[in-house]
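Biologist: I am new to this protein. Please show me the model, and then let me ask about its parts one by one.

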Amino acid sequence: MPKVTQQHMDARRKQILDAARRCFLRGGFHSTSMQDLFAESGLSAGAVYRHFTSKDEMILAIAEENMRDVLDITVAVAVNRQGRSMGEVLAELLDVIRAKSAEEDVAGLAVLVWGEAMRNRSLADKLDHLMGGIRANLVTLVRENQERGGLPMSATAEGIASAMLSVLPGYILQVALLDPAVVAEVPDAVRALWPAPGAPTGER
């Protein structure tokens, strides 16, 4: 038998998850059956189960992929210490969410995932782990900005990071439910709210 390459396996996994996203957005998690997923992907049950043993595994994988780019950005900035303002960092996260939502409706899936996490402990734990990573990186960046005079010292870095992180769910919910024009200016507003230390008054 010909050897199955990793590239082939990755492509097949993506095919399954893309089909799962379409099904979940169309009918929700609970109304979507494994038979629906087989039909949507155009694959046999065996081919799907080779990658995912259950629908819950697919939901977990989609949730992780949805947040991976956001986590990667905070990791890259925290490691490189680029001296960027918190507004720039947060605005970049929002830009990524908007772009991915236009391609894959990441915002709509995120809202579905949040609801599912209320009853699914494994999913809730996965989200907690991913959010914890993002929050830890933001805390590092907040401390750096506090030391440079870009953020007040009257609040803890942990508190400021959590407050900034609270912007993401509200933005995601608006992207999922409202006309794109409603949130088009949010990234620029975030840059203005948390500018770089010493930015001219006109840029604030």
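Predicted model: local features only at pLDDT ≥ 70, side-chain atom pairs only at ≥ 80, totals over all residues.

**The core and what surrounds it**

Biologist: Which residues have the most contacts inside the largest nonpolar core?

Modeller: A nonpolar core is a set of buried Ala, Val, Leu, Ile, Met, Phe, Trp, Tyr and Cys residues joined through side-chain atoms within 4.5 Å. Buried means under 20% relative accessible area, exposed over 50%, partly exposed in between (1.4 Å probe, protein chains only). The largest core has 57 residues, and those with the most contacts inside it are Met 58, Leu 138, Val 142 and Leu 168.

Biologist: How many helices and strands does the protein have?

Modeller: From the N terminus on, the elements run α-α-α-α-α-α-α-α-α-α-α. The count is eleven helices and zero strands.

Biologist: What share of the residues is buried?

Modeller: The C-alpha atoms fill a box of roughly 65 × 40 × 30 Å along the principal axes. The protein has 204 residues. The buried share is 40%.

Biologist: Where is the kink in helix 4 centred?

Modeller: The 26 residues of helix 4 should span 38 Å at 1.5 Å a residue, and its end C-alpha atoms are 38 Å apart, which agrees. The expected span is 1.5 Å times one less than the number of residues. The bend at a residue is the angle between axes fitted to the seven residues ending there and the seven starting there. The kink is about 35 degrees, centred on Arg 68.

Biologist: Is His 51 buried or exposed?

Modeller: His 51 lies in the loop between helix 3 (45–49) and helix 4. Not counting residues up to four places away in sequence, His 51 touches Met 9, Arg 12, Arg 13, Ile 16 and Glu 57 (contact means heavy atoms within 4.5 Å). At 18% relative accessibility, His 51 counts as buried.

**Aromatic pairs**

Biologist: How many aromatic pairs are there?

Modeller: Rings of Phe, Tyr and Trp (its six-membered ring) pair if their centres lie within 6.5 Å; planes under 30 degrees apart count as stacked, over 60 as edge-to-face and the rest as tilted. By this rule the count is two.

Biologist: Why does the pair of Phe 24 and Phe 29 count as it does?

Modeller: The ring centres of Phe 24 and Phe 29 are 4.7 Å apart. Both residues are buried. Their planes stand at 75 degrees, so the pair is edge-to-face.

Biologist: What of Phe 38 and Tyr 49: how many residues apart in sequence are the parts they tie together?

Modeller: The rings of Phe 38 and Tyr 49 have centres 5.6 Å apart and planes at 75 degrees, so this pair is edge-to-face. Phe 38 counts as buried at 9% relative accessibility, while Tyr 49 counts as partly exposed at 38%. Phe 38 lies in helix 2 (residues 34–41) and Tyr 49 in helix 3, so the parts tied together are apart in sequence by eleven residues.

Note on methods. Residues numbered from 1 in each chain as written. Heavy atoms only, no water. Helix = DSSP H or I, 4+ residues; strand = E, 2+ residues; numbered from the N terminus.
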